[in-house]
Amino acid sequence: MRPGCGLPCEAEAEARVSRGAMAAGGLSRSERKAAERVRRLREEQQRDRLRQVSRILRKAAVERSAEEVRLLAESGDLVTELQGRSRRREGLKRRQEEVCDDPEELRGKVRELASAIRNAKYLVVYTGAGISTAASIPDYRGPNGVWTLLQKGRSVSAADLSEAEPTLTHMSITRLHEQKLVQHVVSQNCDGLHLRSGLPRTAISELHGNMYIEVCTSCVPNREYVRVFDVTERTALHRHQTGRTCHKCGAQLRDTIVHFGERGTLGQPLNWEAATEAASRADTILCLGSSLKVLKKYPRLWCMTKPPSRRPKLYIVNLQWTPKDDWAALKLHGKCDDVMRLLMAELGLEIPAYSRVL
């Protein structure tokens with residue numbers, strides 16, 4: 001027994017467990033309880049040592065006592081583990097930080113991007129929440145994004161997006177498509193702003209759906225209803241019926257939203273077929289305002305079956321780190337509207353004004 005502890009030492013307990021197992025072909029109840037006490041004691045000792053080492057590591061080296069230095073020397077594995085955790089936390093923190101290029105550097109990068117767009121044979125634009133923040137629609141992973149605020153325990157207020165208008169970036173993309181400089185747009189956004197900007201339905205794949213479109217899947221082909229209000233007020237994960245019915249067949253209408261963990265099966269507005277074909281034909285991809293943390297899971301959009309030398313050249317506009325940065329031919333750290341304003345000027349194109357009048 002360990003003095004003053006009331007528990008058998010680990011070696012003794014393990015030996016007794018082993019002897020009991022050999023004698024009876026298993027563990028008795030008392031042996032199982034002893035083994036459990038030893039396990040819990042070992043875990044508590046490990047937690048105490050971990051907390052102690054962590055406190056010492058937070059001190060400056062010159063402030064550590066001789067006893068603390070000795071403890072660190074004896075706890076090499078714990079020191080390595082804690083230092084690794086610290087590096088990972090710092091790396092995550094840096095990845096969440098927003099970085100802005102110097103104005104002159106950004107202008108130089110925009111000139112390079114403009115040249116790439118002029119020379120592209122088939123340009124596809126991938127868009128994320130960052131292109132809609134100027135329309136007062138929150139992004140997800142920025143400093144004030146939905147996921148960021150929720151992780152900090154802060155509330156996220158609901159907003160009426162029906163009054164949101166396409167941003168300068170949306171209107172610029174539409175003009176680039178009109179000028180045949182952009183062949184297709186693949187969007188993760190559900191806010192419907194690409195369609196409001198005048199971009200044709202055939203030119204866009206809304207991979208996660210559109211919150212202003214509901215469909216009747218009983219009609220063949222599916223009958224679409226484009227609304228001026230949010231159709232998702234009563235819907236949720238795995239619960240897509242909107243509460244309205246098809247005026248043609250009377251069947252329940254459903255929204256088109258693809259939630260996390262779901263697989264989108266609707267032809268429209270997801271338009272996966274066009275997105276896949278566009279990716280296969282692309283020689284240039286421009287990513288605007290997307291963290292790419294979701295898009296990276298779609299290998300078809302990155303032509304992963306092609307050898308690296310034949311994959312499209314990638315250009316990224318984002319204030320934060322993305323998992324595709326190392327693949328990019330160019331990364332522009334700037335707000336989408338700022339970059340697109342410079343880009344359209346460099347290309348000599350006027351940005352059309354948005355009008356609610358049809």
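Buried means under 20% relative accessible area and exposed means over 50%, with partly exposed in between. Keep that scale in mind as we walk through this predicted model, because Tyr298, with a relative accessible area of 23%, falls on it as partly exposed.

Let's start with the aromatic rings. The structure holds two aromatic pairs. Tyr126 counts as buried, at 0% relative accessibility. Trp302 is buried too, with a relative accessible area of 4%.

The other pair brings us to Tyr298 again: Trp272 and Tyr298 are also arranged edge-to-face, 5.1 Å centre to centre and with 90 degrees between the planes. Here Trp272 comes from helix H9 (residues 272-281) and Tyr298 from the loop between E8 and E9, so the parts tied together are 26 residues apart in sequence. Trp272 has a relative accessible area of 15% and is buried, whereas Tyr298 is partly exposed at 23%.

Elsewhere, the charged end of Arg196 sits over the ring of Tyr212, at 4.6 Å from its centre.

Now turn to a group of cysteines. An unreviewed UniProt entry places the feature "binding site" at Cys216, Cys219, Cys246 and Cys249. These positions are spread over 34 residues of sequence, yet they cluster in space, with a largest C-alpha distance of 8.7 Å.

Two of these cysteines are worth a visit. Cys219 lies in the loop between strand E4 (213-216) and strand E5 (223-226), and with a relative accessible area of 9% Cys219 is buried. Setting aside residues up to four places away in sequence, Cys219 touches Cys246, Lys248 and Cys249. Cys246, for its part, is in the loop between strand E6 (241-245) and strand E7 (252-255), and is buried with a relative accessible area of 3%. Beyond its neighbours within four places in sequence, Cys246 is in contact with the annotated Cys216 and Cys219, and also with Arg223, Tyr225, Ala251 and Leu253.

Notes:
Residues are numbered from 1 along each chain as its sequence is written. This is a predicted model: local features need pLDDT of at least 70, side-chain atom pairs count only at pLDDT 80 or more; totals for chains, interfaces and linings use all residues. Side-chain values use heavy atoms; hydrogens and water are left out. Rings of Phe, Tyr and Trp (its six-membered ring) pair if their centres lie within 6.5 Å; planes under 30 degrees apart count as stacked, over 60 as edge-to-face and the rest as tilted. Buried means under 20% relative accessible area, exposed over 50%, partly exposed in between (1.4 Å probe, protein chains only). Helices (H or I, at least four residues) and strands (E, at least two) are DSSP runs, numbered from the N terminus. A charge sits over a ring if NZ of Lys or CZ of Arg is within 6 Å of the ring centre and within 35 degrees of the ring normal. UniProt positions are given in the numbering used here, feature names are shortened, and annotations may be inferred rather than shown by experiment. Contact means heavy atoms within 4.5 Å.
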